[in-house]
Amino acid sequence: DDFDDVSSNEKKFMKLWNRFIKLHTTIADKHLPTMCMSFIGKHNIDLVSNGLRKNVLLHLFNLWDQGVVSSQHINELMKAYDFFAYSQTV
């Protein structure tokens with residue numbers, strides 16, 4: 001909460017992500033796509049209710065830039081996010 005140049009949504013997202021990653025040991029980069037899917041599945045209510053879709057996508061782009069997720073993974077993960085978001089509105 002000490003960062004002034006970070007939006008409140010960025011802080012919310014990173015708190016959720018960091019808590020999740022600390023509780024779920026990730027040994028290799030190749031496990032990150034699976035961990036991202038688990039994160040979206042577990043925290044979909046928080047993510048959707050706080051309007052964090054853009055933050056999820058930006059985080060996935062950062063992981064893509066680091067070479068740990070592919071564009072196909074991003075597509076699948078965002079489809080899962082959108083499915084959960086749609087499910088909560090119906």
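Reader: Which residues does His43 touch, not counting residues up to four places away in sequence?

Author: In this predicted model, His43 touches Leu16 and Phe20. His43 itself lies in helix α2.

Reader: Is His43 buried or exposed?

Author: Look at the relative accessibility. Buried means under 20%. His43 has 13%, so His43 counts as buried.

Reader: How do I describe two packed helices?

Author: Use the angle between their axes and the distance between the axes. Take α2, residues 32-49, and α3, residues 53-65. Their angle is about 170°, and their axes are 12 Å apart. That angle makes α2 roughly antiparallel to α3, because angles over 145 degrees count that way.

Reader: Which residues meet where α2 packs on α3?

Author: From α2 come Leu32, Cys36, Ile40 and Leu47. From α3 come Val56, Leu60 and Leu63. The contact holds seven nonpolar residues, no polar ones and no charged ones.

Reader: Which residues touch the most other members of the largest nonpolar core?

Author: Phe39, Leu47, Val56 and Leu60 do. That core has 21 residues. Helices α1 (8-23), α2, α3 and α4 (71-89) each give two or more residues to this core. The largest share, six residues, comes from α2.

Reader: Take Leu47. What is Leu47 in contact with, leaving aside its neighbours within four places in sequence?

Author: Leu47 is in contact with Phe13, Leu16, Phe39, Ile40, Leu52, Val56 and Tyr81. Two of these names have come up already: Leu16 also touches His43, and Val56 also belongs to the α2 contact with α3.

Reader: Now a loop. Where is Val68 found?

Author: Val68 sits in the loop between α3 and α4. Its relative accessible area is 14%, so Val68 is buried. Leaving aside neighbours within four places in sequence, Val68 is in contact with Asp29, Leu32, Pro33 and Leu63. Leu32 and Leu63 also take part where α2 meets α3.

Reader: What separates the C-alpha atoms of Val68 and Val56?

Author: A distance of 15 Å. Along the chain, Val68 and Val56 are 12 residues apart.

Reader: Why does pLDDT matter when I read coordinates?

Author: Where pLDDT is low, the predicted coordinates should not be read in detail. Here the chain averages a pLDDT of 92. At least 70 is the score of 96% of the residues.

Reader: Where in the chain is confidence lowest, and where highest?

Author: Confidence is lowest in α1, with a mean of 93. Confidence is highest in α3, at 97.

Definitions and conventions: Residues numbered from 1 in each chain as written. Predicted model: local features only at pLDDT ≥ 70, side-chain atom pairs only at ≥ 80, totals over all residues. Heavy atoms only, no water. Axes fitted to C-alpha atoms, helices over the stretch in contact; angles between N-to-C directions. Helix = DSSP H or I, 4+ residues; strand = E, 2+ residues; numbered from the N terminus. Parallel < 35°, antiparallel > 145°, perpendicular 65-115°, else oblique. Contact = heavy atoms within 4.5 Å. Nonpolar A, V, L, I, M, F, W, Y, C, P; charged D, E, K, R; others polar. Buried < 20%, exposed > 50% of the residue type's maximum accessible area, 1.4 Å probe, protein only. Core = buried A, V, L, I, M, F, W, Y, C linked by side-chain atoms within 4.5 Å. pLDDT = per-residue confidence, 0-100.
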